[in-house]
Amino acid sequence: MRLFAALPLPDHVRDHLVSALLPIRTAAGPALRWSDPDQWHITCAFYGEQPDGITDDLLAHIAAGVGTPFDLCLKGAGSFHDRNLWIGIGGEVSALHTLMAACALDDAPEHHRAHMTVARVTRTAARPRFSPSLTGEFVHALSVYSGPTWTVDEVHLIQSELGKGRSGGPLHTVVGNIFLV
């Protein structure tokens, strides 16, 4: 089973971003493939393929490293290699990085920027006849975005089944959660 640890978004945070993205979605047309807002999350650690029965061990590992609740917000935007569009994270980011390190399975420093991917460039738009900075204008438009603050008080362990979600995307199912106290 393919697993990862993630922070869920409260409904009001997700709904605020959905509204903010409406003009961008219209302007992008078919050039971007948008992820399902019901699947949005902030990944803390990706575990990849794991054997069945590992969930209790992973939940214990996460529980051993969690701290107290902290506040985050969605803030700004960016793109990795001009292939996707992501929303950044603001608030108590140092607490988030500490949590991400605690969720990781090894001691190697992660080169991971806290973010939430919302869209990817489609194969058609990635052809050479399109601008190499396709997402640049959208990153610029969303650079001032600042969503509502929420208190992070739980981490989900999620199973990801590729191709089983809406429109052929991944299907994410929560298989366990740990509360921050």
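Modeller: Leaving aside neighbours within four places in sequence, histidine 41 is in contact with Phe4, Ala6, Leu7, His115, Met116 and His172. This is a predicted model, in which local features need pLDDT of at least 70 and side-chain atom pairs count only at pLDDT 80 or more, while totals for chains, interfaces and linings use all residues. Residues are numbered from 1 along each chain as its sequence is written, and side-chain values use heavy atoms, with hydrogens and water left out.

Colleague: What makes each of these partners of histidine 41 a contact?

Modeller: Contact means heavy atoms within 4.5 Å. Phe4 and His172 are among the residues that meet this condition with histidine 41.

Colleague: Why is histidine 41 called buried?

Modeller: The term buried means under 20% relative accessible area, exposed means over 50%, and partly exposed lies in between (1.4 Å probe, protein chains only). The value for histidine 41 is 16%, so this residue is buried.

Colleague: Which atom does the side chain of histidine 41 reach, and how do you know that this is a polar contact?

Modeller: The side chain of histidine 41 reaches the backbone oxygen of glutamine 39 at 2.8 Å. A polar contact is a pair of N or O atoms within 3.5 Å; within protein, one must be able to donate a hydrogen and the other to accept it, and residues adjacent in sequence count only if both atoms are side-chain atoms. The separation of 2.8 Å is therefore within the limit of 3.5 Å.

Colleague: Which residues does the UniProt annotation "active site" cover?

Modeller: According to the unreviewed UniProt entry, the annotation covers His41 and His115. These two residues are spread over 75 residues of sequence, yet they cluster in space, with a largest C-alpha distance of 8.9 Å. Both His41 and His115 belong to the lining of the largest pocket. UniProt positions are given in the numbering used here, feature names are shortened, and annotations may be inferred rather than shown by experiment.

Colleague: What makes a residue part of a pocket lining?

Modeller: On a 1 Å grid over the protein atoms alone, a pocket is an open set of points with protein on both sides within 12 Å along at least five of seven lines, and lining residues have an atom within 4 Å of a point.

Colleague: Is histidine 115 buried or exposed?

Modeller: Histidine 115 counts as buried, because its relative accessibility is 14%. Its contacts, again leaving aside neighbours within four places in sequence, include His41, Phe80 and Trp86. A polar contact of 3.4 Å also joins the side chains of histidine 115 and threonine 117.

Colleague: Why are β3 and β9 said to stand at the edges?

Modeller: The sheet in question is open, with 4 strands in the order β3-β1-β8-β9 and antiparallel pairing. Strands β3 and β9 (171–179) each have a single partner strand, so one side of each is left without a neighbour in the sheet. Two strands pair if DSSP finds at least two bridges between them. Strands β8 (residues 154–161) and β9 have 8 bridges, and therefore pair.

Colleague: What is the strand order of the open sheet of 5 strands?

Modeller: The order is β2-β6-β5-β4-β7, with antiparallel pairing. Its edge strands are β2 (32–34) and β7 (150–152), each of which pairs on one side only. The twist from one strand to the next averages 40 degrees; axes are lines fitted to C-alpha atoms, for helices over the stretch in contact, and angles run from 0 to 180 degrees between N-to-C directions.

Colleague: Why is β4 described as largely enclosed by the rest of the structure?

Modeller: Of the 9 residues of β4, 7 are buried, so the description applies. Strand β4 is joined to β7 by 3 bridges and to β5 by 5 bridges, antiparallel in each pair. Helix α3 (residues 93–103) lies across β4 and β5, at about 95 degrees to β4.

Colleague: Why does glycine 65 count as partly exposed?

Modeller: Its relative accessibility is 28%, which lies between 20% and 50%, so the term partly exposed applies. Glycine 65 is found in helix α2, residues 55–65.

Notes
1 Å grid on protein atoms, 1.4 Å probe; cavity = no way out; pocket = protein on both sides within 12 Å on 5 of 7 lines; lining within 4 Å. Helix = DSSP H or I, 4+ residues; strand = E, 2+ residues; numbered from the N terminus.
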